[in-house]
Every structure is written in C-alpha cells, then in structure tokens.
Amino acid sequence: MTTLAETGLPITRRRPRIDGWTVAALGIAAATTLPVLVVAASVLFPAGDAWAHLASTVLGDYVLNTVWLVLGVAALTFTIGVATAWLVTMCTFPGRRVLEWALILPLAMPAYAVAYTYAEVLDYAGSVQSWLRASFGWGRADYWFPEVRSVGGAVLMLGLVLYPYVYMLARAAFLSQSVCLLEISRTLGSGPWRTFLRVGLPMARPAIVTGIVLALMETVGDYGVVQHFSVSTFSTGIFRTWYGLGNLTAATQLAAALLAVVFLLSALERFARGGAAYHHTSTRYRPLPAFALRGPKRFAAITACGLPLLLGFLVPAGLLTLWAVQTAPRVLNERFWGYVLNSVVVAGLAAFLAVAVALVLAFAARLRPGAVTTWASRVSTLGYAVPGAVVAVGVMIPFGWFDNTLDSWMRDHVGISTGLLLSGTLAAMLFAYVVRFLAISFNAVESGMTKITPNMDRAARSLGAGPWSALRRIHTPLLRGSLLTAAVLVFVDTMKELPATLILRPFNFDTLAIRTFEIASDERLAEAASYALSIVIAGLLPVILLSAAIARSRPGQS
Amino acid sequence: MFGLLSRGALAAAAVLAAASISPPALAQGEVNVYSARQEVLIRPQLDAFTQATGIKVNLITASEDAIIERMRTEGRNSPADVLLTIDVARLIRATDAGLLRPIKSAVLEQAIPSQYRDKDGRWYGLGLRARVFYYNPARVNPAELSTYEALADPKWKGRVCIRSSSNTYNQSLLASIIAHKGAAVAEQWARGIVANMSRPPAGGDRDQISGVASGECDIGVGNTYYYVLMQNGTEAERAAAAKVKVFFPQQPGGGTHVNISGGGVAANAPNPANAQRLLEFLTSAEAQKIYAEVVFEYPVRAGVAVAPQLQAIGTLKPDTLELSQLAAHQVETVRIFDRAGWK
C-alpha cells in the first residue's frame, strides 16, 4: 500500500451547484460562527484608550506567556502522546494491556482540578516542602524547589491532561496502518527505531498534528489553570480587561486576537496534512508485529508509559480521593445526585448534537469538495479555542437581541409579549457547547472519514445508493469508532465545562463542574474534591469504553 | 447506528422544544435571584426567607460581571428580580448600566448605616468584610504594624504575601487608598508592596495565611472570614491558623478597610414587591444572624452580634468612607496595578 495519488475522480459530479449538502454546511457554519463573529465584530467598535494602556503595561506578558504555554504544551503532548502510543501499539512489555487503555485516563481529569491538587501539595506551604523543611531543618533560603505556580507548572499541568488527545489519535493511526508497509520497512533492513521514524511517524502525521492542535486550542482557551497559577496569558487578560477595567469591548478584542492565533493553528494543521491522501488501498490486515522488549528497554518502556499515567491521573485522583473521603458524608446528599444527573444529561445531549452536526459537516465536505465546504468546516470549529465565557457572551448577545426584538414586535403588532424564548434556556446552553466543542467532534469524524477510500463511495453510487443512503449505510457504520470517540470527547469536555455553563444556565440548574468551581474558589479544596472526583468518575466510564473501542477498531479484526 | 441517531435526534429536539418554551418564572409568590455570592453561602438565608414568607426563590449564581452582562443582554424581559454581589464596585457598575431601580424602604434605611447604601436606594449593603494583616508573631512585633500604607515601607522587603491584583478585594483596597490619599500616593504604595513581596502573587486569601504560617512570608493580607473559616477547616488549616495572629490596620485618619456584600432590585424586575421583601428580610435580625454565623461576615445591622470566633480575633473599627466613593476609582485601580507590575 502507498498513499493514494489523487485520481482526479470526484466522489460525485463536481458541477458547482447549490444543493442540500452545501446549504446544510453553510447553515451550520453560519450558526456556529455567529457567537465567534459577535466576538470578532468587536474590533469595529472603539475601546477607548484601553489598548494603549495594555500595550504599555501587560500585553507583552500576555503574548510571551501564551507563546511559552503553546510551545511547551505542544512539545510535551507530542513527546508523551507519540512515544506512549508507539510503545503500546508496536512493542510488547509487561503491563502493556493495562496501559493501552489507562493512558487515556488523564482525559477525564479537569485541568483545573489537577492544578488545584498539585498547587496544594507542592507550593511552599504544601505538604512536600513542609516535610522537606521539617526533615532537614531547612529554612526559606536553604534550598531550591521548582515553583509550581509558574508558566512551567502550567505547561506541565496542561500537558499531563491533554496528551491523551495526541495519544488516542496517534494510536488509532498506528493501529490502522497496514502491516505491509511496516513489513516492507523491516525487510529493507530497518530496525524498530528506523521503522518508527521513517514509516510509522510520517504515516501518522495528520493524526498527530490534529491531536496537538486540539490540545493547543484547549491550552489557549484555558482559564482555570493559568488563573490559579497567576500566569498572565491572553485568556486571563481577557477577564482582567472585562472585569477589572470594566471594558467588555477591549476584552472581546483581545479574544478576537486570540481567534487569529487559532485560525493560524488550524491553517498549520491543514498545511501539515499537505495534499497527500492517507486512506488505504490494501485490505491486507494482520495482527501487527510486535517488538518484544527485554532487559533495560523493557524497564524504560514501562517507565515511559507509566509516568504520564501516574502524574496525570493516579496522583491527582489519589489526592482528590483522600480529601473526598473526609468530606463525603457532608457532600453526598440528594442535591449531589441532582448535580450528577444534570451534568450527565446535559453532557449526553451536547455529545449527541455535536457529533450529529460534525457528521453532516464532514460528509458535506466529502461530497462537495471545494472552497465553500472547506471554509464552512474551518470556521465552524473556531469556537474551541475561545474561552468559554467569551463564547457565552457571543451567544448571549444575539439571543438576547432576538428575544427582545421579537418581543417588541409581537407587543406592537399582536399585543402579546413573548418574553425570553431562547435566553436563559437549556437550548442556549447546548448551543454554546456545540459551538465550543464542534472542533473536537469534527476532527475525530473527519479524520475517520479520510480513511474511508473514495472507492467505497463510488461503489455505493454505482449500486444506486444516494448520498443520504450511503451516509447511513456505508459511512456511519464504518465510522462507528470515530463517532464514538467524538461523542466521548465532547461528553467528557462538557462534563468539565465551566464558564459558559455558569453564565448561560437556567434557574436552579447546577452541575458538578459548577459546584467544584464555586467551592474551590471559596478555597475549600477538601470539600470541592468530592465534586471534582465525581466529574472524573462520570468521565471515566465513557473514556474506558472509548479505549476498548479503539483497541477493537483495527480494520480486519473482529 | 443511524436508527439510533434519528431516535436520539427526536428526543433531543423534544428536550430543546420543552426547554425553550418553558416560560421564565413570573408567577406570584416567586422571586428570581441573580447572585454572585455562591449557592452554599446564600442558600441558608434564602431558605429562611421562603420559610418566613412562603415566597419561592429561584437562583442562578455566576461571577459578578458575567451575571451583570446577562442581565444587560436580557434587557427588559430579564427575569431577574434581585442582584446580589460580594463587592460594592460591581453593585455600582450595575447601577451605572441602569440595571437597578431605586427603591424607598424605611426598613432598609433604618437597618443599614448610610455609608453602606446608595443615596438613591438602588443598592444596599447586607454584610461587611474587613481586609486585615496576618502576621507571624515569632518574626513580627505587632507594635511595628500600623496602616496599610506602612506596609509599603522598605523594611518589609521580601516579607509580604498578597494575592493577585485581579482580585476584587485588592482592587477595592487600592480604591480606598486612592479615595483617601489620591492616585499618586496609591501608585507609590502599589509599587512599594510589589517591591516587598516575598513571592509573585498567587492563590487565594487562605494561601496568604498559609504562607505566613509556613514561614514563606512574615505578613499576609486577607479578609477576616477566611481566617475564621480556616480555624474551622481541615487539620492543616487549623494548624496554620493557630500559628498566625491578626492585626487590624488603619486607614490614615480612618479605620480598617471594609467592603460589602450587597444587593439591589432589578430595573426590570417582574416581581419587584417580592424583591424588596427579600432585601428587607436579608437585613432582618434573623438573616443577619445567619450572615454572621454561616459566612462570618460582620452584620451590617446594628445590634446583631458578631460571631464569637470573629469577635475573638479583635475588634473592627471600620473606615468611615462612603463606599459609593470607591467605585469612581475602580478602573483606575487596575491600571495602577498594571503599571506597578502587580500581577
């Protein structure tokens, strides 16, 4: 098998025309871009002298820290994600079967919860340094200890919980590689390292880049970690400008600048994919050959895979459990289960919607390749990197405008008041989630879609199936793994989502994330632990299911 | 799979439809509260209100500016009746945006000293918090401590712990210094504090107290109730609180800087009468007692006892400044902090 050269044959006729699929893609793009556009439109309004002030004082810090954060998280997620994915996929060593699925677990940890727990333990007053001082009789000036509340600390926290994106996508890519290529590489005399560097890695490039871009989008949108560590980034700057300077316009303009960065990132991803196609022409699949590791190599592999799991999941989850046990009797009441139900239902609905929308978008881009659908899908996914609170403002403004305009019109012409139809409803909240998380579901669905050879579509067409029928009977079943991945990722992210939920939710509607945040922001970490832990547990089940699904997803294996 | 998709789609559509047609609560016997004070801290008072009056309370909590922005975009159809905040500056910001209506209430005017409420009756203080010093008695002689300004003296170099300037408590403290002494002195002060910090600002108020207890710094700045909460907290927190003493600094010519948690009635409130009743209830002796005992704030109503634990750390002599004066300096404070390099 090699990469398929462009045959020039479109999947369907390439006569430019406006049809249902193009319209659907445009509709999705228009709807999901609306909040982002509201944000971007802020550049048209004057923000007073706020920019002059920002530029002369803190803007440099915002830019510099954001750049360091992006570079650091990119390097960390790449290293951990790719190394662990290759090791568990291509090598055999003790513990591999467990690590295979366990390496995804940090995904269920909210980054802010990890940051809270590590800061609590590792800062000067924390138990580790206190123990060191007590044991060795050190004073403040007698020793050096890395400062956890720093850019480096933030990189570490974010890298530890975000590497699973790279791991999952890289692993799925390694698994789906046809054995032929790898065997050819071996027969031509390449050892395991060379096979990895010359064949495995390049073939998985689009998947790896997608994973890193997802991690980076989440990084620039992160508020919880950087805020807790007092690292000034664009994201904290947006809120400082909004809350502190009371200048929402300048704040959204900062967000618009952030959007530009994200656009760049997603362009980078397209560029990395290049024009190559990565679907398979061969249908020969056999179990992958495994390099059996021995001696020190075996130990090194176990360490390399175990460490991220330990630091990204076991340690923080263990600490949370320790604290939760102390406070659980106070926390576990009827209300608690109400929060669990709210979280799960909302996350489930959001996952379903985000995947359905992504499927339509990705299929439209496949059926009608061209500038329109490409751009539609590109702009639809911008919301992921926008901090949740900014997306929420972008949702609130047009919805409020719609509600009040309709209400005024109805009062004037019909004599009834329609009040607020959309604002403050579950619908507005779900809409915000789709805007925010469509990038995740779309990337997962699309990268699955690119692996389905166009010959499938052609065969379906020649057998008389229309696009809708092909999507239903061919693509959806083939994409089962990708759709499940997409749904789980959105589900878990929605469980953890905080700022948009806070601002948009209806009356008396609380979720686990909201409780965690409120209590943690009141600096009662021990009590927040029970809520944080239940987010992790509720996220774990789907993550484990996902892991199993990926393991089973290797084509040709049942 | 696709069958599942379409069944799910139907279900989702049904839920969405149900969610979007359910009308906002307008019925008699309800009051809708937008609160920046988090649920666990306000629920006891609200439950007591429902018990006393039979009026049902609907609640949303969020950060202050976010919830103000929500009220603004919802416009005249906003279901909000009452806005509760934990900072005077945000009450005034909401007032300036035209989101709060003036109400005339003899009950409120009698219960709340005039410096803690708006002259036109658009916002009212419901509880007080003081910003004080925490010091390590082994390394600091309390006789050396006096005013907030004195903390900027070079002799405290490398010895002060204070949190980020993004925090509203620090912003209001700086605003009060501006109100007393002018912007130039305030900026000088901010620079002096930055120079005296023992580490970059981080964490919350409890972290400053822990910093003093662990020896990372000698003096921390924080609000009063955090200390009392730590005394009732986890084992580590109790141990830390035990190592630290409290000092009530003075404003030059005044008392200790205080901020309020407070509220006002929404301009477009669908249930204004209930909203006013709620505010009046929150200043009643019964509700003020809950403020004192649950949140460890100082009651705003004269004659309600301060919680014994709070009483034990010293006597508060509050600054006499009209709180409405702080708001005028709010934007200025963040700019000064930015220029001073206070993260």
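**A buried helix, a chain contact and a helix crossing**

Helix H9 (residues 224–231) of chain B is largely enclosed by the rest of the structure, because seven of its eight residues are buried (20 or more other C-beta atoms within 10 Å of a residue's own, with C-beta atoms placed from the backbone). Those buried residues are Thr224(B), Tyr225(B), Tyr226(B), Tyr227(B), Val228(B), Leu229(B) and Met230(B). Helices here are DSSP runs (H or I, at least four residues), as are strands (E, at least two), numbered from the N terminus. The model is a predicted one, with local features needing pLDDT of at least 70, side-chain atom pairs counting only at pLDDT 80 or more, and totals for chains, interfaces and linings using all residues. Residues are numbered from 1 along each chain as its sequence is written, and chains are lettered from A and ligands numbered from 1 in the order in which they are written.

Turning to the two chains, 57 residues of chain B are in contact with 54 residues of chain A (C-beta atoms, placed from the backbone, within 7 Å). On the chain B side, H1(B) gives the most, with nine residues. By class, that side divides into 23 nonpolar, 20 polar and 14 charged residues (Ala, Val, Leu, Ile, Met, Phe, Trp, Tyr, Cys and Pro count as nonpolar; Asp, Glu, Lys and Arg as charged; the others, Gly among them, as polar).

Within chain A, helix H17 (residues 388–413) and helix H18 (residues 426–450) pack at about 130°, their axes 10 Å apart (axes are lines fitted to C-alpha atoms, for helices over the stretch in contact, and angles run from 0 to 180 degrees between N-to-C directions). The contact involves residues including Val391(A) and Phe399(A) of H17(A), and Phe431(A) and Arg436(A) of H18(A). Eight nonpolar, one polar and one charged residues make up this contact.

Notes. Buried ≥ 20, exposed ≤ 12 C-beta atoms within 10 Å, placed from the backbone.
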